[in-house]
Amino acid sequence: MLNSRKMKKILFALAVLIFSIPIAAQQIIDLNKVPLTQFEEKYAASTDLDFPDAIRFREIVLNEQIQSDQLVQVNDKIQLTLFEDKSYLASVDKISIDVNNTLLVRAKLENYEHAYCFISTFEGKTFMVIEIPEEEELYMSRYNHSTKSYHLLEMDRSKLNPIEACFGDDLNIDQLPNSGNHNPILKPKGQKGPTTRDTITLLVVYTPAAATWSANNEVSINNTISLMMARAELTNDNTDSLLYIELVHSDTVTYTELQSVQDLYNLRNTTDGNMDNVHTLRDNYCADLVTLLERTSHTGGTAFLLNNIGGSPTNGFSILRVQQSSWTYTAIHEFGHNLGCGHHKFQNFQAGPGIFSFSAGGRWVGVPSGNYCSVMSYESGTYYTNGISHTRVGYFSNPSKFYQGTATGDSIDADNARSIRTTKAVVAGYRSGCALPAAVTVSGNNGIYCDSVVLRASGGARGTTYWQGTVSGGTSTANPIDTQTVNTSGTYYFRAQNLQGWGPEGSSTVTIINNSPAAAGTIAGPANVCFGQSVTYSVPPISGASSYIWTAPPGFSGRSTTDSITLFVTNAAVSGNITVSGINACGNGVTATFSVVVNPLPANAGAISGNANPCIGQTVTYRVPPISDATSYQWTLPTGASGTSNVDSIVVTFTNSAVSGDISVYGSNSCGSGDSSLLSINVNPLPANAGSISGSTNVCQADTITYRVPPIADATSYIWTLPTGASGSSNADSIVVTFSNTATSGNITVTGTNSCGNGSTSTLSVTVNPLPANAGIISGNINPC
């Protein structure tokens, strides 16, 4: 019987044990690093970018966490906020790194039975495919190598046009004996049987044209291969085929596509001068099967169909159309032919079965609805007498496996899963033990990690990988594993072994940290910015930060992962906060915030009011309606006009030298100027000086004389004045003057006049000579004789 003291010790020990068990912390990772509102959603009709096979698209900034096997873990959640009306949550169920050091993250969408997200990252660049069969939705990413930016596309399936795959038409070739360097290596590779799991090794080769296509559309050929293998693995996982297809090597071949089935024969043939080096690669890497990725339009894929239960290493070849390998099930379809799987029995082209009577594809109706088919059945209704098309899903036909409530196969007519379980061990023995294991590559080299890191060994083809800890050159077989968690800094090793011996070791040197970055300091940069400006902000270096995360208000464009960022202020920019924080493997530091005000340009000036027809010498006030956002007004005047102002009105004096022209005004502020407004001004001058008056200067009383002056420029009327006793009137350049009997000498004057006033006067002095006086009384004899 235990006493209380011993019981307390046991309970304490149990508590220590329980709380020392490491528990993985689940996290939710946003796929997009910035809010959706930062980039505009566009439809395919837009001419901004050329995505002809998309319904719509938008720019995204991928979260670096999904691009690192150390920052994302199995059971993490990925928030897939794709478009404003499309958002999903996916749970990571697989993370792997292949022989090309390409990271593959597979995540299953929650609340959907068959929807998956595949994220492939090679050398820091990512290609992504998200497929939701239940909603008939397909999304892909596109990467621009020039701008280093990503776009997310919702694909238009009607424009993708995948081509159906087939098998080589000389089926009897499978009956030929093996010859030459295609003889299977005699040493076994661990063949098992229909109830145990087998690994088939695969060599992928690709043409230059295929590599170029992948670089332009799917980041790189390694991303294409990664997604292709992920779909193959998903199909085998769904089907319980007890098969794993392992990529052991990929390489380019010097070959130009013939766009015919002859490409398949040229791949298989050993001494025809076409891709002969492929067979050396196959032996060097112990590849059971070989596939060629090519850019082609004649088929989705072609493979030799196995129909010999003893196997046929000579014909373990297939070709694949690179344009559809990453987002369809074409690759696993062709590998299925290499394993003896046939098409659906009721197809009108190359109908099943394959190697056995049950080696055929399946088609079914889901519950409550939906037409589906397995990977070996053609989709289009044109291949069937009933004309009904079906959606292909990632399953081999299997009467024990259900999709949407219905069995995917039939025990008599459609059980390719059983066919694979029967042939896989034979195919897995095509190549084995032919060389030392390949070199091992270990993830995480030269990385900095928080608390711990999971090291993953890849490569090591042809052997079993063993953990060697910190021992270089180790040969321990105590830990046959390809992943290991470490929590201290150092260099760690893996190594692979087979019956031939030990292969080259792989190592990874890692640094383990335990704290997130320090708080960000004060952001420096302009607090007031203008449309069209490029402005730089910086923060003092943040202790412990391996990268920096900047955010800016909507309408600001620019990216940076360092302690400074240059932003362009577009015309759509709004005021808000600029933020920055440091990030490292342990998370984000405290964010610094900086308020920035976007100052618009002044509005366009309105109409100018005021006299458009002023006179020389006149002073006139002109006004413009207040201009929004203007802090000053800039006025310009015609030549000879004077006046100054920086407000919305100006007093203008038209001097004697003023000429007609435009008065203009625009608003200005610290960001620049708005558009100006013009008022056309017609300056009216005074009449010219009057010229000399012509006419008689000596007149007599009772005379009527005409006087004239040369026409006066700009005069609209003439003003005449006359001596006393002279009469006459005129508003023209001549006047008829009558000198009365009482007229006296004096001046005749004339002045030009118009609406602006009078010109200078001209004067003519006139002498008026009087008539003789009346005669007096005549004296003398009035009665002469």
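This is a predicted model: local features need pLDDT of at least 70, side-chain atom pairs count only at pLDDT 80 or more; totals for chains, interfaces and linings use all residues.
## The domains, and how domain 1 meets domain 2

Stepping back to the whole protein, the domain assignment gives domain 1 (28-159), domain 2 (198-428), domain 3 (440-513), domain 4 (528-599), domain 5 (618-681) and domain 6 (698-769). The C-alpha centres of domain 1 and domain 2 are 25 Å apart, and their contact takes 27 residues from domain 1 and 24 residues from domain 2. Between them the two domains bury about 2300 Å², with 57% of that area on carbon and sulfur atoms. On the domain 1 side, H114, F118 and F127 supply 23% of the area buried against domain 2, more than any other three residues.

The interface has polar links too. The rule finds three salt bridges across the interface of domain 1 and domain 2, and ten residue pairs in polar contact there, both at pLDDT 80 or more. Four strands, β6 (103-109), β7 (116-122), β8 (125-132) and β9 (137-144), each supply at least two residues of the side of domain 1 that touches domain 2. The residues of that side divide into twelve nonpolar, eight polar and seven charged.

## Charged pairs

Side chains of opposite charge can pair when their charged atoms come close. The structure holds 17 salt bridges. In one of them, K94 pairs with E233, the closest N and O atoms being 3.1 Å apart. Another joins the side chains of E131 and R231 (2.7 Å, N to O). Here E131 lies in strand β8 and R231 in helix α4 (residues 221-239), so the pair ties together parts that are 100 residues apart in sequence. Both partners are buried: E131 has a relative accessible area of 12% and R231 one of 1%.

E137 forms a salt bridge with K86, with the closest N and O atoms 2.7 Å apart. This pair links distant parts of the chain, with E137 in strand β9 and K86 in strand β5, 51 residues apart. E137 counts as buried, at 6% relative accessibility. D93 forms a salt bridge with R106, the closest N and O atoms being 3.1 Å apart. Since D93 lies in strand β5 and R106 in strand β6, the pair ties together parts that are 13 residues apart in sequence. The two partners fall into separate accessibility classes: D93 is partly exposed, with a relative accessible area of 32%, whereas R106 counts as buried at 7%.

## A buried arginine

R456 belongs to strand β24 (residues 453-459). At 11% relative accessibility, this arginine counts as buried. Its side chain is joined to that of D69 by a polar contact of 3.3 Å. Apart from neighbours within four places in sequence, R456 is in contact with D69, Q73, I95, I97, T441, V442, S443, D482 and T483.

## A covered helix

Helix α8 (residues 330-338) is mostly covered, and nine of its nine residues are buried. Among them are I332, H333, E334 and F335. Just after α8, G340 takes a positive phi of about 100 degrees.

## A cysteine in strand β45

Our last stop is C700, found in strand β45 (residues 698-700). At 32% relative accessibility, C700 counts as partly exposed. Not counting residues up to four places away in sequence, C700 touches F739, V768 and N769. C700 and S745 are 45 residues apart in sequence and 9.7 Å apart in space, C-alpha to C-alpha.

Terms used:
Residues are numbered from 1 along each chain as its sequence is written. Side-chain values use heavy atoms; hydrogens and water are left out. Domain bounds come from an automatic or database domain assignment. Contact means heavy atoms within 4.5 Å. Buried area is the accessible area (1.4 Å probe) that two parts lose on being put together, summed over both. A salt bridge is a side-chain nitrogen of Lys or Arg within 4 Å of a carboxyl oxygen of Asp or Glu. A polar contact is a pair of N or O atoms within 3.5 Å; within protein, one must be able to donate a hydrogen and the other to accept it, and residues adjacent in sequence count only if both atoms are side-chain atoms. Ala, Val, Leu, Ile, Met, Phe, Trp, Tyr, Cys and Pro count as nonpolar, Asp, Glu, Lys and Arg as charged, and the others, Gly among them, as polar. Buried means under 20% relative accessible area, exposed over 50%, partly exposed in between (1.4 Å probe, protein chains only).
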